[in-house]
Every structure is written in structure tokens, then in C-alpha cells.
Amino acid sequence: MASQKPLMTQSSGTHTANAAVQSALRTLEVGTSGIAAISEALQGSLGTAFVQTVDLIRQAKGRVIVTGLGKSGHIARKVAATLASTGTPAFFVHAAEASHGDLGMITPDDVIVALSWSGEQPDMKNLVNYSARFAIPMIAVTSNAESSLGSAARIVLELPKVREACPHNLAPTTSTLMQAAIGDALAIALLESRGFTALEFAKFHPGGKLGAMLKHTSDLMHTGDALPIRPAGTKMSDALVEMSAKGFGCVAIVDGRGQIAGIITDGDLRRKMRPDLLDLTVDEVMTKNPRVIDRGSLASEALELLNSAKITTLIVTEANKPVGIIHLHDLLKAGIA
């Protein structure tokens, strides 16, 4: 006789769901307490060590070598990636692999940031010795300043001891969250101290949604013969031909110096509609001092301007002279909007 699976009642399913949510809430509560403990510690001795760390890394001629083992190693890899993407040259070296040739990646001009919650990792011994032998400054991120790692480091970022979210207080959970948090704090402090801009950020993020947001208007604009443009004094009949031919629903008007003087849009035509419209000059119809965007601006800025002004096209300028036009559809195609 075939065995039958027990039926799960709605009440038992609801109980299971509630238990899962309560577990998640407890985990987040413990994690939040760990972040709060770091914030409090930064107002004391941890803050002093943090400032010293920022100064040391900023003065270094080389790179930041971030290292760790186990879960701390995973966080170290993430910290290195965040540092590198925010203007601080950095890469990850696995503490165990360092003993098998990867020590050659580290130079005397570098700074080592070593993550270990306990500070007692035998596999880090060779790397610690290498640091001392070649006078490579080491920063320890640990919960125990008196540990082997803490004692060997020039600076110790001692994180507060907290309970793990794991009910057995074993699996690294709160501790790894705190390591990631102090790594993020360090990366942003270095970014801000260097005056690292969004344009510089764009150099390291050319791909994906973020890369699209960091493109320049010059990367997406239509130029040359595609740009609808007419000089001041042009008859509206000619301006309408230009608008229709270029298909952007507008035409830029320039003065005798070639600088932007105004714009005529479909909306302007509706507002100024009259029997003798075609006999007027563009000067009588155009909107003066139109919204424009510089060719060096980020495409994300163009999107913000289009949305805030509730328009679909922008004239792109350089030294106040029209050099291109960008449409909302261009931003959509690029994955920005």
C-alpha cells in the first residue's frame, strides 16, 4: 500500500510562516545591535584608530591589500572590491594562498588590512611575518586587540564583541555584518577625503545599470545633420520644415554668435497658433533661455532634468553653443530611464 504524505493544514502553514518571520526579525535585531555598537565605539577609541587608518591608507604609495580566511575572507574580498571601485586601489589576497606564492603580490609600498574576528588564525602567520620583515604596515580588523593579529598590527580596528545572530552563537552572522559595515565606512571616508566625484566613479563602472547612469550626454546625443537648428530671424515656415525633417518635435534657435537663443517646440506651436503663424519669425514664437544641458554632464542628470521639467528633449551645449540633442527615448534605450 502506497504511503500517504501528511497533509499540511492552513494553520500549520501559517505557524511555519510566522516562525520564519520571527526568526528573520530576531536576526535583523541582533545585526542592528551590532551596527549600533560600532557607531558607539567610533565615538571613542575605535574612532581614533579609524582616523589613523584613513590617514595611513591615504599616505600609502601603493595599494590596499585586504586579506582574511573563511567568512572573514569573503567579507575581505567584498571590502577590496568596494575600495577599488571608490578610488582606493585595492585587491584581495587569500591569507592561506599567500604562503604559496601570493606574498609576491604585496610590495613595501602597500598597506595590509587583515580581517579576523578572533585574531587567532594560524594560516595568517606567514603573512604577518612577511609584513613585519618588510615593514609593510598592517591594520587588523578584529574583536580582540590582544590577539596574535592585533598584537602584530600597527593599527587595530577593534570591533565590539557581540552575540552572533545564530542561536548557538557559532555561525558568523553579526560579526561578518559588522566587518562589512566598517569596510564600507572606511571606503566612503576615503572617497570623501579624496573628493572622489561621480565622474571619476564612472571610470570604474562602465557596465550595467550603474554604468548606464554614469554615461555622459555626449555619449548618447544626436549630432551633426540630425540636430534641428535654425538661426534667429528665420521664417516659421522654414523652421517647421526643419522640425518635421529632424523628427524631435523641436528646433533650436541660435543667435549671430552661434549660441543658443531659444527653442521652438510642439507646445510653442499650439500656444502661438494663429492664421499668420507661418509668416512670423522664429524670434516671435520661440521660448527664450531654454533648458539645456552641457555635453560633459552625466546622462542621469539629463534624465532628472527631463523629469523635473516634464519635457522629452534637451539641447546639448558646449560653451553655450548647441552641439547635439538628446531625447528621453535615447535614455530609455541606454537603460537609464
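Trainee: What makes Val79 and Leu115 contacts of Val66?

Mentor: Contact means heavy atoms within 4.5 Å. Leaving aside neighbours within four places in sequence, Val66 meets that rule with Ala76, Val79, Ala80, Leu83, Phe91, Phe92, Val93, Val113 and Leu115. Keep in mind that this is a predicted model, where local features need pLDDT of at least 70 and side-chain atom pairs count only at pLDDT 80 or more, while totals for chains, interfaces and linings use all residues. Residues are numbered from 1 along each chain as its sequence is written, and side-chain values use heavy atoms, with hydrogens and water left out.

Trainee: Why is Ser131 called buried?

Mentor: Buried means under 20% relative accessible area, exposed over 50%, and partly exposed in between, with a 1.4 Å probe and protein chains only. Ser131 has a relative accessible area of 6%, so Ser131 is buried. This residue is found in helix α4 (residues 125–133); helices are DSSP runs of H or I with at least four residues, strands are runs of E with at least two, and both are numbered from the N terminus. Not counting residues up to four places away in sequence, Ser131 touches Ile112, Ile136, Pro137 and Met138.

Trainee: How do you know that strand β4 is mostly covered?

Mentor: In β4 (residues 138–142), 5 of 5 residues are buried. Met138, Ala140 and Thr142 point one way, Ile139 and Val141 the other.

Trainee: What makes β3 and β4 a pair?

Mentor: Two strands pair if DSSP finds at least two bridges between them. Here 4 bridges join β3 (residues 111–115) to β4, and the two strands run parallel. Ala114, for one, stands opposite Ala140 in β4.

Trainee: And what makes a space a cavity rather than a pocket?

Mentor: On a 1 Å grid over the protein atoms alone, a cavity is a set of points where a 1.4 Å probe fits but cannot get out; a pocket is an open set with protein on both sides within 12 Å along at least five of seven lines, and lining residues have an atom within 4 Å of a point. The largest cavity holds about 50 Å³ of space, and its lining includes Val79, Val113, Leu115 and Val141. Helix α6 (174–194) gives the most to that lining, with 4 residues.

Trainee: How much space lies in the largest pocket?

Mentor: About 350 Å³. Its lining has 17 residues, with Ile263, Thr265, Asp268, Ile311 and Thr313 nearest the centre. α11 gives the most to this lining, with 5 residues.

Conventions: Points joined across faces, edges and corners; volume = space filled by probe spheres on them.
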